[in-house]
Amino acid sequence: MLQSSSQNKKPSTHDSIEPLGQGRIIGRRPVGVVDIGSNSVRLVIYEGNSRALTVLFNEKVLSGLGKGLAQTNRLDGQAVSSALNALKRFRRLADQAGVEALYPLATAASREAVNGPEFLSAAEAAIGRPIAILSGEDEARYAAEGVMSGFYKPDGIVGDLGGGSLELVEVANGQLGQGLTLPLGGLRLRDIAGGDLKQAQSVADSHVASSALARQGTGRPFYAVGGTWRNLARLHMEQLGYPLHVMHGYTLAAGGSLDKFLDSVVSGDPDRLPGIAAVSKSRRALLAYGAVTMRSVMKFLKPSSIVTSALGVREGYLHSLLPEEERDLDPLIEAARELAVLRSRSPDHAEELVTWSTRTFEAFGIVESEEEKRLRAAACLLADIGWRAHPDYRGRQSLSIITHAAFPAIDHRGRAYLGLTNFFRHEGTFEQTQVPDLETLVDSHLLERARMLGSLFRVTYLLTASMPGVLDRFRWAQDPRGGFTLVIPAELGDLIGERPEGRLQQFSKLVGQPLRLEAR
């Protein structure tokens with residue numbers, strides 16, 4: 001049983017985390033959110049409502065409820081039929097998955113159409129639950145909650161682009177500003193502009209320029225939420241040849257390169273854009289309208305960067321239901337802890353490794369920022385998740401698992417650091433020519449920290465056999481001859497041998513200190 005004992009862990013609403021069969025956590029009861037949007041209808045089932053959400057099932061149907069709404073003020077009949085069929089299927093899937101709580105949410109198209117009430121009545125019958133009709137302000141608030149659940153201390157403007165509307169809200173110091181909604185969703189903007197992209201740009205510029213947030217985004221990150229913007233980011237990533245194919249946290253710096261990319265999407269044939277194969281055909285038609293709106297954001301909000309968020313209204317809604325003490329937890333640490341429970345030989349040893357690495361860094365006078373401390377803690381919790389793999393492949397397999405995991409509250413630089421630390425821990429190679437391509441995502445300082453921590457792991461695991469109850473008995477003592485001695489209890493002196501001695505000398509080179517191993 002894993003107790004909540006890390007220095008980075010605040011008291012949790014769960015007394016413990018234990019693995020259930022099939023790689024799941026005991027005590028988690030599945031919850032689901034049905035998102036009835038203007039473009040898509042989606043069901044997402046999560047393992048449970050926790051600080052670090054894990055998706056059990058995810059399916060969307062591009063029903064296009066908002067298609068033609070700007071002209072007719074009515075939901076399209078064919079779209080309604082598609083949505084209702086999807087909701088019936090989603091109800092059955094939720095039952096099959098044992099969903100304890102299912103939350104259907106309806107957004108712009110359903111609340112604004114003349115025949116919206118009629119559709120919602122039929123939709124409630126199809127899904128078997130009352131449907132919460134979100135206002136534009138609600139959508140903005142939950143999108144911002146989603147960003148708060150998925151990033152570490154976000155500070156900037158959140159923009160959620162759907163099929164019918166764009167919601168904007170400021171987030172800073174854990175607080176949300178007043179949300180607002182603009183009629184700039186891809187389907188609606190296309191309808192308003194009559195398919196004319198120049199007219200669409202004029203409409204978007206007018207709304208964004210006059211919004212209350214036009215001057216509050218200057219020099220701050222803009223968190224982009226919504227499928228169209230995620231697909232723009234995917235296209236940009238493909239054209240760039242970016243080494244890490246993870247949407248969440250993908251960051252595009254404001255400036256000429258991004259401007260040129262958006263211009264090319266607006267002016268080009270969507271089916272002939274370089275890298276377009278990475279975007280599904282059903283999503284391509286609205287890419288240009290997403291780019292138009294993003295150009296307006298760049299022009300009038302003047303953000304420092306565009307940060308892609310895979311978490312939005314659905315995750316924000318669930319985040320709002322958590323008790324305050326759980327919302328205060330660090331989601332990265334919680335996610336790493338859960339993966340340790342599911343895949344490491346001893347989760348308790350992983351927790352002890354956090355404390356041991358802290359004592360080691362403090363003894364050697366290694367100064368860390370707050371961000372470096374939390375990344376180190378996460379790396380410790382993940383240090384042993386690859387032990388079941390063949391020894392020849394543990395390093396690269398762990399690297400892939402960690403860098404591509406659905407971790408919240410970490411940027412791509414941090415992902416690369418976590419993956420490379422584990423890679424070094426298993427491979428034992430620190431030669432620049434043998435480092436994976438992900439090395440390009442971290443600066444030299446963080447890369448050196450990854451090598452250092454991975455080397456400490458290599459010493460530690462030989463002395464503990466990956467089992468708990470030993471590390472707390474080790475200590476570092478300053479040596480009168482210079483450097484430090486790793487002191488282990490006399491009764492454990494037989495643990496000393498050629499291999500741990502050799503690895504200690506590797507670690508010694510990386511920390512720039514003479515190191516010795518002694519039992520006393």
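**Inside the cavities, then out to a helix pair**

The lining of the largest cavity splits into 7 nonpolar, 13 polar and 9 charged residues (Ala, Val, Leu, Ile, Met, Phe, Trp, Tyr, Cys and Pro count as nonpolar, Asp, Glu, Lys and Arg as charged, and the others, Gly among them, as polar). Bear in mind that this is a predicted model, where local features need pLDDT of at least 70, side-chain atom pairs count only at pLDDT 80 or more, and totals for chains, interfaces and linings use all residues. Residues are numbered from 1 along each chain as its sequence is written, and side-chain values use heavy atoms, with hydrogens and water left out.

A cavity here is a set of points on a 1 Å grid over the protein atoms alone where a 1.4 Å probe fits but cannot get out, and lining residues have an atom within 4 Å of a point. The largest cavity holds about 420 Å³ of space. Of its 29 lining residues, Asp35, Asp160, Leu161, Gly162 and Gly226 lie nearest the centre.

Now for the second largest cavity, at about 100 Å³. Its lining has 10 nonpolar, 2 polar and no charged residues, with Trp229, Phe261 and Met294 among them. Helix 8 gives the most, with 4 residues.

Next, look at helix 7 (residues 197-209) and helix 11 (residues 287-300), which pack at about 40° with axes 9 Å apart. That makes the two helices oblique to each other (the class left after under 35 degrees for roughly parallel, over 145 for roughly antiparallel and 65 to 115 for roughly perpendicular).

How values were computed. Axes are lines fitted to C-alpha atoms, for helices over the stretch in contact, and angles run from 0 to 180 degrees between N-to-C directions. On a 1 Å grid over the protein atoms alone, a cavity is a set of points where a 1.4 Å probe fits but cannot get out, and a pocket is an open set with protein on both sides within 12 Å along at least five of seven lines; lining residues have an atom within 4 Å of a point. Grid points are joined across faces, edges and corners, and a volume is the space filled by probe spheres set on the points.
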